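This briefing reviews the fold, the ligand surroundings and selected residues of one protein. Please consult the sequence and the structure shown here alongside the points that follow.

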Amino acid sequence: MPKSKLFKIIIIGDVAVGKSCLLLQFLEQVFVQDHDVTLGVEFGTKQLKLDGQQIKLHVWDTAGLETFRSITRSYYRGALGALLVYDISRRSTFTSLHEWVKDLERYGSQDMIIAIVGNKSDLPDREVETEEGERFARDNGFLFLECSAKTGENVDDAFITLSKAILERSNENDSESEEHDSVIEPTSDTGKKSCPC
Ligand SMILES: Nc1nc2c(ncn2[C@@H]2O[C@H](COP(=O)(O)OP(=O)(O)OP(=O)(O)O)[C@@H](O)[C@H]2O)c(=O)[nH]1
Ligand SMILES: [Mg+2]
């Protein structure tokens, strides 16, 4: 039986953009109206089957509060993907995406896959147009989608789109290392290497 792959992803973004609600909706299909500020980090896990491969998703939901930044940054390490969330009804949360990206570049791994997520798409009073979110993502080479943790619209898609992109990269890396393995077969019949010294 093929081994399941373990993907660690993080959810980051300003306070109250809906990070914890997104995770709860993804894991349990429920929505809570009250804002329970995340203190530090919270963890959730889910099994997925993507393109016939078993994926175990480890999700770290981080606090948006600046006070916890040094703790939350320590969770960037080893993450293969990030959902970088803003609230479509609060422009300030979109403007600060630049800062979050800088943070990821500084503390995350270089090949981390980033998905920009415009949450609260159910709200009528929008301050950020879809095209602006799309443009920001495109200009930076990130994935993009809008969703609502309240109605559940596109929430699974956000996690699945990111996981699929990670899976593609992971499969590419696997086949590259297989190719590499086949290239480094010993060429002499003794298999001995000469010492350059
Ligand atoms: N209308 C609407 N409200 C939402 C949505 N998602 C979250 N909320 C509300 O936004 C508030 C903040 O949600 P949280 O998920 O706690 O936000 P957070 O990003 O985890 O916040 P921190 O943990 O403090 O960083 C709550 O009152 C939620 O009910 C959504 O999609 N639509
Ligand atoms: Mg939270």
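Which pattern does the protein follow when read along the sequence? The order is β-α-β-β-α-β-α-α-β-α-β-α, made up of six helices and six strands. The model is a predicted one. Of the 197 residues of the protein, 35% count as buried.

**Overall organisation**

- Among the contacts with a separation of 6 or more, 72% join residues 24 or more positions apart.
- The largest nonpolar core comprises 45 residues. Within this core, Ile-9, Leu-83, Leu-84 and Ala-158 have the most contacts.
- In soluble globular proteins, nonpolar side chains tend to be buried together.
- Ile-9 can be followed in detail: with neighbours within four places in sequence set aside, its contacts are Leu-57, Val-59, Ala-79, Leu-80, Gly-81, Ala-82, Leu-83 and Leu-162. Leu-83, one of these partners, is itself among the core residues with the most contacts.

- Ligand 1 is surrounded by 24 residues, of which the closest are Gly-18, Lys-19, Ser-20, Thr-38 and Gly-64.
- Sorted by class, this shell contains ten nonpolar, eight polar and six charged residues.
- Which helix gives the most to the shell around ligand 1? The answer is α1 (residues 19-28), with three residues.
- Helix α1 is largely enclosed by the rest of the structure, because eight of its ten residues are buried. The buried positions are Lys-19, Ser-20, Cys-21, Leu-22, Leu-23, Leu-24, Gln-25 and Phe-26.
- Lys-19 and Ser-20 therefore belong to the buried part of α1, given that eight of the ten residues of the helix are buried; both are also listed with the residues closest to ligand 1.

**Strands β5 and β6**

- Strand β5 (residues 113-119) pairs with strand β6 (residues 143-146) in the parallel sense, over four bridges.
- One of the bridges links Ala-115 to its partner Leu-143 in β6.
- Phe-144 also lies in β6. Is Phe-144 buried or exposed? Phe-144 is buried, because 20 other C-beta atoms lie within 10 Å, and 20 or more is the threshold for that class.
- Phe-144 and Ala-115 are separated by 29 residues in sequence, yet their C-alpha atoms are 5.4 Å apart in space.
- Apart from neighbours within four places in sequence, Phe-144 contacts Ala-115 and Ile-116, as well as Gly-133, Glu-134 and Ala-137.

- Most residues other than glycine have a negative phi, and most peptide bonds are trans.
- Gln-29, although not a glycine, has a positive phi of about 55°.
- Gln-29 is exposed, because 10 other C-beta atoms lie within 10 Å and the limit for exposure is 12 or fewer.
- Asp-51 likewise has a positive phi, near 50°, in a residue other than glycine. Asp-51 is located in the loop between β2 and β3 (53-62).
- Asp-51 is also exposed, with 9 other C-beta atoms within 10 Å.

Methods:
Residues are numbered from 1 along each chain as its sequence is written. Chains are lettered from A and ligands numbered from 1 in the order in which they are written. This is a predicted model: local features need pLDDT of at least 70, side-chain atom pairs count only at pLDDT 80 or more; totals for chains, interfaces and linings use all residues. Two strands pair if DSSP finds at least two bridges between them. Helices (H or I, at least four residues) and strands (E, at least two) are DSSP runs, numbered from the N terminus. A nonpolar core is a set of buried Ala, Val, Leu, Ile, Met, Phe, Trp, Tyr and Cys residues joined through C-beta atoms within 7 Å. Two residues are in contact if their C-beta atoms, placed from the backbone, lie within 7 Å. A residue is near a molecule or strand if its C-beta atom, placed from the backbone, lies within 6 Å of it. Ala, Val, Leu, Ile, Met, Phe, Trp, Tyr, Cys and Pro count as nonpolar, Asp, Glu, Lys and Arg as charged, and the others, Gly among them, as polar.
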